[in-house]
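Subject: Structure handover

Hello,

Here is the structure we talked about, with notes on what was found in it. Please read them with the model open.

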Amino acid sequence: MAARPQVTEIHSRDNAFVKELRRLSQDSTAYRKQAQVWLEGDHLCRAALARGLAPKVAVFAQSVWPQAPEEWVLPAGKVIVLADALFDEISSLESPARMGYVMDWDAGVQPQSGVSTVVLDRVQDAGNVGSILRSASAFGFKQIVALKGTAALWSQKVLRAGMGAHFGLHLVEAASVEDVQALQVPLIVTSSHQGTLIHDADLPWPCAWAMGHEGQGVGNALMEMAQHRISIAQPGGEESLNVGAAAAICLHASSVSMLRRRG
């Protein structure tokens, strides 16, 4: 049986660890400087554990620590117990979850070639980005390549919207158009009112779907690179779909096409 990790109780808001945790929770890009991410709440923490990830630090509010399940505690390198008022102050949630993990984060993740990918081209809304990550994971995509200008993938808002999808995906940030060229899979772009209708398209697999900026769509550089341009039928007459909704439709269509090919 694994030994229980070292436990440290903290009651001061001026403690160095508390200051670092506050930045991770409240600054959307602090994880890039600290090379750590903060997962608040048992849902995200359980999702990480289910993927075999081990937290560097497990953090519990003092009131919940005595009832903390062993399976949440034992994988951690160490445990920090915070006074409830401190945990509430750090939390970015309206109703603090009273537990979380600090995980190491690797800034040097490079794109993988030949795998099913979603390219995010300056998608700025954190909710949309998290929603797309969930769809990508659900429909068998393995990688997210986020171009510069896209919302920070490991920010608290994206993590919450992703609902654990992060841990099943290879996530690349601050990518360039050259990185997309090196993926070595067909690039598919979406367009509001031009291109082949998705229900008529012969979609390749593996592939890379490019999802663009909420207002401007996919940029010209990716448009010029694309092997396929796809549109979604909108008989109701709306000008365009939310990028998160469009991504779900497109990725599901690719998944169905892949399953049909397999048999």
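Strand β7 (residues 143-147) and β8 pair in the parallel sense over four bridges. Two strands count as paired if DSSP finds at least two bridges between them. Helices (H or I, at least four residues) and strands (E, at least two) are DSSP runs, numbered from the N terminus. Within the pair, Ile144 stands opposite Leu171 in β8.

Before going on, note that this is a predicted model, in which local features need pLDDT of at least 70 and side-chain atom pairs count only at pLDDT 80 or more, while totals for chains, interfaces and linings use all residues. Residues are numbered from 1 along each chain as its sequence is written, and side-chain values use heavy atoms, with hydrogens and water left out.

The seven-stranded sheet

β7 and β8 belong to an open sheet of seven strands with parallel pairing, in the order β8-β7-β6-β11-β9-β12-β10. Its edge strands, β8 and β10 (196-197), each pair on one side only. Helix α6 (residues 126-138) packs on this sheet and touches β6 (117-121), β7, β8 and β11 (208-212). Contact here means heavy atoms within 4.5 Å. The direction of α6 makes about 170° with that of β6; axes are lines fitted to C-alpha atoms, for helices over the stretch in contact, and angles run from 0 to 180 degrees between N-to-C directions. Helix α10 (residues 243-262) lies across β6, β9 (187-190) and β11, at about 170° to β11.

The five-stranded sheet

A second open sheet has five strands in the order β1-β4-β3-β5-β2, with mixed pairing. β1 (6-10) and β2 (36-40) stand at the edges with a single partner strand each, so one side of each has no neighbour in the sheet. The twist averages 20° from one strand to the next. Strand β3 (residues 57-61) runs antiparallel to β5, joined by four bridges, and Phe60 stands opposite Met99 in β5.

The largest pocket

Which strand gives the most to the lining of the largest pocket? β8 does, with six residues. A pocket is an open set of points on a 1 Å grid over the protein atoms alone, where a 1.4 Å probe fits, with protein on both sides within 12 Å along at least five of seven lines; lining residues have an atom within 4 Å of a point. Of the 23 lining residues, Trp105, Asp106, Val109, Trp154 and Leu171 lie nearest the centre of the pocket.

Regards
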